[in-house]
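I am new to it.

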Amino acid sequence: MTPSITEFQVGAADVRIARLAAAAVGLSLIDAAIPMPLPGVKPGLANIVTLVVLARYGWGTAAWVSGLRVVAGSLLLGQFLAPGFFLSLAGAIMSLAVLALARCLPGRLFSPVSWSILASFAHMAGQLALARAWLIPHDGLFRLVPVLALAALIFGIINGLVVCRLLQDFPEEKNHESRS
Amino acid sequence: MAPALTWLRLIRPGDWLLILASGLAVGTSFPLLWQGGQGDRAIIRQEGRIFLEVPLNKPREIQVPGPLGITVIQIEAGRARVASDPGLRQYCVRQGWLSQAGEIAICAPNRVSLAIGGGQSPYDSLNY
């Protein structure tokens with residue numbers, strides 16, 4: 001047998017995904033550094049990147065960026081394969097699933113603010129479901145729902161507004177790859 | 001234009017609807033979920049053995065004899081308390097009304113305890 005030489009062709013799309021995922025990882029590090037009064041409550045700044053990517057490049061790219069962010073972010077925070085990693089993975093999967101549907105909302109009536117709110121509720125639901133099934137198998141966990149849902153709503157609105165603003169202030173660039 | 005206004009202009013009609021609906025849902029979830037721990041029965045123990053288990057539906061008074069005398073337990077709709085106790089420090093009496101599942105008043109000198117049970121009793125402590 002001859003040894004095969006695998007060559008990776010790095011396309012423009014790959015570079016774009018890597019760049020955006022790096023931005024998302026950076027934001028999730030900032031996220032982790034912000035002190036919060038309650039465990040489980042987080043601004044979820046990295047979702048801003050996911051939503052901008054969703055609006056610009058579609059769901060597939062958003063899923064890549066989100067998945068890479070979860071894995072790389074957890075590696076940097078020392079959370080890889082720890083409970084926190086699975087919680088954020090569950091949240092990311094749920095919010096991507098909801099975003100796949102939310103994207104079909106008529107754009108005239110619904111802006112990314114709606115996407116952001118729906119995604120942040122889905123994120124919370126996914127995490128709670130996993131936590132209930134695995135980490136804290138007791139219904140008492142659901143007493144946290146009002147607080148978590150309120151936080152999800154507030155941060156969902158704020159992140160959504162930031163997304164709208166970013167999309168508005170930085171209209172589609174054609175020469176994405178030439179920037180360094 | 002005021003900065004707040006430029007932000008608000010980004011929100012479209014459907015967004016407002018969603019914000020309103022989810023705000024309402026969150027608002028109503030607050031009281032609902034905080035009532036979750038309501039107990040529905042009182043469990044009275046004497047010397048560690050169950051003396052009586054009564055539902056918290058109608059008012060009544062129960063006298064529990066102990067080594068020091070009679071401990072009186074008062075039951076009302078949705079709550080119960082130790083009304084009087086022959087013990088020295090009266091801790092269980094001063095605890096007042098109990099209504100949440102898992103709450104307990106212990107009259108140690110007279111070896112009587114009053115616990116509230118619910119549909120599913122929550123943990124009273126957890127450690128990892």
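This is a predicted model: local features need pLDDT of at least 70, side-chain atom pairs count only at pLDDT 80 or more; totals for chains, interfaces and linings use all residues.

Me: How many disulfides does the structure hold over all chains?
Reply: A disulfide is a pair of cysteine sulfur atoms within 2.5 Å. Cys92(B) and Cys107(B) meet that, with sulfur atoms 2.1 Å apart. Over all chains, the number of disulfides is 1.

Me: Which parts of the chain does the pair Cys92(B) and Cys107(B) link?
Reply: Helices (H or I, at least four residues) and strands (E, at least two) are DSSP runs, numbered from the N terminus. The two cysteines sit 15 residues apart and link distant parts of chain B. Those parts are helix α3 (residues 91–94), with Cys92(B), and strand β6 (residues 104–107), with Cys107(B).

Me: Why is the disulfide of Cys92(B) and Cys107(B) given a hand?
Reply: The hand comes from the torsion about the S-S bond. That torsion is about 105 degrees, so the disulfide is right-handed.

Me: Is Cys107(B) buried or exposed?
Reply: Buried means under 20% relative accessible area, exposed over 50%, and partly exposed in between (1.4 Å probe, protein chains only). Cys107(B) has a relative accessible area of 1%, so it is buried.

Me: Which cysteine sulfur is nearest to that of Cys104(A)?
Reply: Cys104(A) is in no disulfide, and at 63% relative accessibility it counts as exposed. The nearest cysteine sulfur is 18 Å away and belongs to Cys164(A).

Me: Is Cys164(A) buried or exposed?
Reply: Cys164(A) is in no disulfide either. Its relative accessibility is 8%, so Cys164(A) counts as buried.

Me: How much area do chain A and chain B bury between them?
Reply: Contact means heavy atoms within 4.5 Å, and it takes 29 residues from chain A and 24 residues from chain B. Buried area is the accessible area (1.4 Å probe) that two parts lose on being put together, summed over both. Here 69% of it is on carbon and sulfur atoms, and the total is about 2200 Å².

Me: Which residues of chain A lose the most area to chain B?
Reply: Three residues together give 27% of what that side buries. They are His138(A), Arg143(A) and Pro146(A).

Me: How much space lies in the largest cavity?
Reply: On a 1 Å grid over the protein atoms alone, a cavity is a set of points where a 1.4 Å probe fits but cannot get out; a pocket is an open set with protein on both sides within 12 Å along at least five of seven lines, and lining residues have an atom within 4 Å of a point. Grid points are joined across faces, edges and corners, and a volume is the space filled by probe spheres set on the points. The structure holds 1 cavity of 30 Å³ or more. The space in the largest cavity is about 40 Å³.

Me: Which element gives the largest share of the lining of the largest cavity?
Reply: The lining includes Asn47(A), Arg69(A) and Ser95(A). Elements giving two or more residues are α2 (46–57), α3 (59–77) and α4 (83–102) of chain A. The largest share, 3 residues, comes from α2(A).

Me: Which element gives the most to the lining of the largest pocket?
Reply: This pocket has a volume of about 1100 Å³. Among its 40 lining residues, the closest to the centre are Gly40(A), Val41(A), Lys42(A), His123(A) and Gln127(A). With 9 residues, the most comes from α5(A).

Me: Where is Glu47(B), and is it buried or partly exposed?
Reply: Its phi is near 55 degrees, a positive value in a residue other than glycine. Glu47(B) lies in the loop between β1 (41–46) and β2 (49–55) of chain B. At 40% relative accessible area, Glu47(B) is partly exposed.

Note on methods
Residues are numbered from 1 along each chain as its sequence is written. Chains are lettered from A and ligands numbered from 1 in the order in which they are written. Side-chain values use heavy atoms; hydrogens and water are left out.
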